[in-house]
Amino acid sequence: MRMLVLGAGALGGYFGGRALERGLPVTFLVRPGRAAVLARDGLRVRSGFGDIDRPVDTTLAAGPGFDVVLLSCKAYDLDSAIASIRPAVEGGACVLPILNGLSHIATLNAAFGAERVWGGLAKCAATLTPEGVVQHLGDWHWLTFGEQDGRMDGRAAALAAALGQAPGLVAEAVPDIQRRMWQKLVHLGTVAAASVLMRASVGEIVRAGGTDFLLGLLERNAAIAAAQGHPMTEAFLANYRKLFADPASAYTASMLRDLEAGGRTEADHILGFLCAAARQAGLPAEVHDLAHLHARAYDQRRAAGRLP
Ligand SMILES: NC(=O)C1=CN([C@@H]2O[C@H](COP(=O)(O)OP(=O)(O)OC[C@H]3O[C@@H](n4cnc5c(N)ncnc54)[C@H](OP(=O)(O)O)[C@@H]3O)[C@@H](O)[C@H]2O)C=CC1
Ligand SMILES: CC(C)(CO)C(=O)C(=O)O
């Protein structure tokens, strides 16, 4: 399984590094700035599951010869990423996108055809430090993916077998990837909207008296998903109700980390999508609208160079 990883940022660096550890040939498709750092320092990952420090193969231009492209850009870079990976996909590779949200799948299908595009999600928190180090946060280490037609005897299953399931990376091929991606959006939509609006971790919001606020968002996201044909199970909701009521939790969304680092957010792709889906379902969306507006106003201020 020859893997091309688009982007050696937080998740691309983390999962690409773990794939290398498991013996897969991995090349990172990067832009010149990241290529220079990787050439100088190698790939550096800091994780409770073990650090990675190693030289890696990089390229500035994709070509044929890969089985799978791990697509790990932010949503706002999707168009440029599609152009960058096109030679690899036209050369026979499938695309495993791990972006949060859902609407990128339709964009990728239109670009490459659904038979080349898998669904995918990462339950794994990480960040790229200003020094270029991938910092794994917490102990989530799940990479879940599957062919859109639900087939379990194809290349996705072969990749899961090649990556395996061990601490640091648990790779899983599933027959119901669309349902899993909705689950992830219900979870992420809750932590992203809440932590961006409050500029605080789950525990800080809970300790400030915001448990009902968090649980209300979770229920609303579940209702949006149900209206789109993807009801959450009671076991799923019970698990996340516990997570979102934990006063000790340091958990934040990557969107808050982006915002606090002065980076661009994926506001439209995640929060805007949920606002539109709520509206389509006739569900109230005041809190989602507020979180979306908050992130968009921040993005404008940032783009104009007016951040403090
Ligand atoms: N970080 C997290 O904890 C989680 C993130 N996600 C999702 O995963 C996705 C990726 O997030 P994350 O890893 O944090 O993002 P990062 O910003 O850390 O990494 C994205 C990388 O993609 C690179 N990139 C973008 N376009 C191109 C291109 N055309 N060619 C080459 N490289 C490119 C960027 O390179 P450059 O440096 O040149 O800009 C950047 O290094 C997002 O959708 C996010 O929501 C999901 C779960 C958890
Ligand atoms: C919620 C989390 C950490 C789950 O992996 C995530 O996707 C994000 O913060 O972007």
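Start by selecting the shell around ligand 1: its residues divide into 16 nonpolar, ten polar and five charged. Here Ala, Val, Leu, Ile, Met, Phe, Trp, Tyr, Cys and Pro count as nonpolar, Asp, Glu, Lys and Arg as charged, and the others, Gly among them, as polar. A residue is near the ligand if its C-beta atom, placed from the backbone, lies within 6 Å of it. What you have open is a predicted model, in which local features need pLDDT of at least 70 and side-chain atom pairs count only at pLDDT 80 or more, while totals for chains, interfaces and linings use all residues. Residues are numbered from 1 along each chain as its sequence is written, and chains are lettered from A and ligands numbered from 1 in the order in which they are written.

Now zoom in on the ligand. Of the 31 residues around ligand 1, Gly7, Gly9, Ala10, Leu99 and Asn100 come nearest. Next, colour helix H1 (10-21), helix H2 (32-41), helix H3 (78-90) and strand E8 (118-128), the elements that give two or more residues to this shell. Helices (H or I, at least four residues) and strands (E, at least two) are DSSP runs, numbered from the N terminus. Strand E8 gives the most to the shell, with six residues.

Step back and colour by domain. The domain assignment, which is automatic or from a database, gives domain 1 (3-174) and domain 2 (180-303). Their centres, taken over C-alpha atoms, are separated by 24 Å. Select the contact between them: 14 residues come from domain 1 and twelve residues from domain 2. Residues are in contact if their C-beta atoms, placed from the backbone, lie within 7 Å. You will meet E8 again here, as it gives the most to the side of domain 1 that touches domain 2, with five residues.

Finish at Ile85: leaving aside residues up to four places away in sequence, Ile85 touches Leu6, Leu29, Ala62, Val69, Leu71 and Val95.

Methods: Two residues are in contact if their C-beta atoms, placed from the backbone, lie within 7 Å.
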